[in-house]
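Have the viewer open as you read.

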Amino acid sequence: MNQQTVRRGSAAWALVITSVAGFMAALDNLVVTTALPSIRKDLGGALEDLEWTVSAYTLTFAVLLMFGAALGDRFGRRKLFIVGLAIFTGASAAAALAPDIDALVAARAVQGVGAAVMMPLTLTLLTAAVPVARRGAALGIFSAVTGLAVASGPLIGGSLTEHISWQWIFWLNVPIGLVLLPLARLRLDESYAPNARLDVPGTLLVSGGLFGIVYALVNGQADGWSSTPILAGLTLGTLLLVAFVRHGMTSKNPMLPMRLFRRRAFFGINVASLLMFLGMFGSIFLLSQFLQGVAGYSPTEAGLRMLPWTGMPLLVAPIAGYLSDKIGGRPVIATGLALQAAGLALFALVLEPGVSYTAQLPGLILGGIGMALYFAPAASVVMSSVPTAEQGIASGANNALREVGGALGIAVLGAVFAAQGSYESPQAFSDGTVPALWIGAGAVALAALVALLIPSRVGATPASAPKSSQANEEREPVAV
């Protein structure tokens, strides 16, 4: 009885510590969006600088996510979780103290490094600490907490910016991190993965490739699309990503085995996820600034007015989960992405300097419902699209591709905005935002079409399945 009590206490502490850490990492994806006008006013900077305050975090987070998980498997998950949390906390303080926009971007990049080490290990530590019988409930609570962070990011960022200062969106992490560090050391158990290997070449290839392409997209308008740095970024970035794909096909233990993409379910959900985040992140980046700079709302008001979009998953996700169990993930995900694309299109149709909030509301609600329908079954489809032994790789790959999509979305939609509009007047800002929103809507609509590639029912191949069965599974996942 005493041992069982200790186990329950350990599981409870693991749930609290990992959920709070996950909340911080997820919050910092979007918390900065409603603070962008205030940051621009205080620190200066052009459009590309504002893009990097978001993209520097999402990009380093994305490209190091799977490497961070591998580091934990190799050197100790609790140990590396504490290292990642310490880096994230210190970088948050550096962001709050940043004297200029370049220092803020650098601090945000280091924040992303800390999150990339910390975030994948939260699920591993939680899974190890919670008994199988209660694991589903624990993971559900963890997912709800991180979902709340995404939903409340613009509102928390707006409220802190308006009532205290934008620096407090970063200071907020510091006391929380300082409390979690000793708790993690005392309350989490150490664990390792047998025979864990690090894919350093793969990490370097994908990091360099993505940085080159995002750098070129963000700075192309300012530097000139035919300038040497931009052409070099696009060319070298593409070559490095091609090399990364080849590495994933030929290496013995790559961070992302390309053979997984032969599965229709894995290919469909991951490409759809990348495109969905491309459209969503890029649109939120511009719309949060439109609500303040053009519509005239305060940061808090802007965050509140985005809740029908960002907060809708909290209401709709349970219904979406039920539907997914009844009819399968494919129709729910495809419908959700189609609704989100329609929501962005509605926004693009009504957006102008004098637009009322009532006119914006249908697009916000439709986009929010669509996002909720996507999120609920997506994780289940990802995990059931591969054999049990590769579910960790599959989860890490999906999270990384989402973050890559977010970074690309801000870069692509920001480039469209810069080519068509500017910050010079409300009309100029609207002129740049509308075509960017159409691109975002198109990306999410394409994601809906790709999602149709997912089989109607997806089942994972057991880890112990014979090779012949697995070969057949590569061509067509088994229906259940």
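Predicted model: local features only at pLDDT ≥ 70, side-chain atom pairs only at ≥ 80, totals over all residues.

Residues are numbered from 1 along each chain as its sequence is written, and side-chain values use heavy atoms, with hydrogens and water left out.

Start with the second largest pocket, which holds about 500 Å³ of space. A pocket here is an open set of points on a 1 Å grid where a 1.4 Å probe fits, with protein on both sides within 12 Å along at least five of seven lines, and lining residues have an atom within 4 Å of a point. The volume is the space filled by probe spheres set on the points, which are joined across faces, edges and corners.

What lines the second largest pocket? There are 22 lining residues, and Phe-244, Leu-256, Phe-261, Leu-274 and Leu-401 lie nearest the centre. Two or more residues each come from α3 (47-75), α9 (200-223), α10 (228-250), α11 (264-293) and α17 (391-420). Of these, α17 gives the largest share, 5 residues. Helices are DSSP runs (H or I, at least four residues), numbered from the N terminus. By type, the lining has 21 nonpolar residues, 1 polar and no charged.

Now for the packing. α3 and α5 (residues 101-129) pack at about 30°, axes 6 Å apart. That makes α3 roughly parallel to α5, because angles under 35 degrees count as roughly parallel and those over 145 as roughly antiparallel. α4 (residues 77-96) and α8 (residues 173-187) pack at about 165°, axes 9 Å apart, so α4 is roughly antiparallel to α8.

Definitions and conventions. Nonpolar A, V, L, I, M, F, W, Y, C, P; charged D, E, K, R; others polar. Axes fitted to C-alpha atoms, helices over the stretch in contact; angles between N-to-C directions. Parallel < 35°, antiparallel > 145°, perpendicular 65-115°, else oblique.
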